[in-house]
Amino acid sequence: MKILVTGGAGFIGSSLIGRILEEGSEVVCLDDFNDYYDPAVKRRNIRLFMKAENFSLRECDIRDFENIKKIVENGRFDCIVHFAARAGVRPSIEKPLLYEQVNISGTANICEACRLSGCGKIIFASSSSVYGNSSEIPFSEKSYGLKPESPYGSTKLCCEEILRTYYENFGIKSVCLRFFTVYGPRQRPEMAVHKFLKNILEDRPVEIYGAGGSSRDYTFIDDIISGIMGVLKIDFDYKIINLGNSKPVNIKELIRVMEKVTGKKAKIKFLPVQKGDVDRTFADISLASELLNYKPKVDIEDGVRKFFEWFVRQ
């Protein structure tokens, strides 16, 4: 199998590439190494892969359709795993047009390149952000009338619809994986687990927006990668599948776990609620269990400990 992973130098992308290479498939990583966070971190993520015979790197912006088309046409890929996107809820409030250009137009470029090249399968990284402040708990793929609270969430929901129409009109099969707060080694530096733990270790304030009552369905990277690998091994038409842990953790409990793991007391600083934030996320993973035999194995304490061990080795 030959697979293109867009955004492959990022957190989830590079973790997936490592697993695919271990299983013997050929991987092409596509990334533009933008400055959302330090590009050197992303290059370090894939440094070891550069020596592998079945790995190659293409540096390209997914907004550049002509180059995307050439890469996909020449690659003759069995599947494209499309992770390249501008991530993050709060930055999308500041730069909504950039998120529309990269996420929506970039995804349309990938779909169109597939149509022209004959590549018939896409696995897309969607997000729990599409659910917004849904009153239906846990969040189910069957939910209708979704109202994302941020431009980021809106772009992901729009991309799901683009993929659906490319399936219905052109037969390009796709699975949209709604990821729930993924954390673990290589996690982006602005995300809560990474930022909170770093601040605790450096005796800096841990900033909590609101009263600390929000909760997230934190999902360890190894469990997410197992779910994605499960998709690569099945046939599909068009599907939306949640990948989460299905065990939401209150933010104050997360900090207590970090204090236990690090042996240090957190200094808490409360700030006003931010635009785009939601009260909770909570994945219904029954469909993933049924289709992929998906069974998350890492609880929050083990996951934070694994992240901490990785962090102190850096």
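I looked up the second largest pocket and found that α6 gives the most to its lining, with 4 residues. Helices are DSSP runs of H or I with at least four residues, strands runs of E with at least two, numbered from the N terminus. The model is predicted, so I note that local features need pLDDT of at least 70 and side-chain atom pairs 80 or more, while totals for chains, interfaces and linings use all residues. Residues are numbered from 1 along each chain, and side-chain values use heavy atoms, without hydrogens and water.

I noted 17 lining residues for this pocket, with Glu141, Lys142, Ser143, Arg178 and Ile240 nearest its centre. Two or more lining residues come from each of α6 (151-170), β11 (238-243) and α10 (286-292). A pocket here is an open set of points on a 1 Å grid over the protein atoms alone, where a 1.4 Å probe fits, with protein on both sides within 12 Å along at least five of seven lines; lining residues have an atom within 4 Å of a point.

Next I searched for salt bridges (a side-chain nitrogen of Lys or Arg within 4 Å of a carboxyl oxygen of Asp or Glu). The whole structure has 23. Asp35 pairs with Arg86, the closest N and O atoms being 4.0 Å apart. The two residues are 51 apart, in the β2-α2 loop and the β4-α4 loop respectively. I checked burial (buried under 20% relative accessible area, exposed over 50%, partly exposed in between; 1.4 Å probe, protein chains only). Asp35 is exposed at 64%, whereas Arg86 is buried at 13%.
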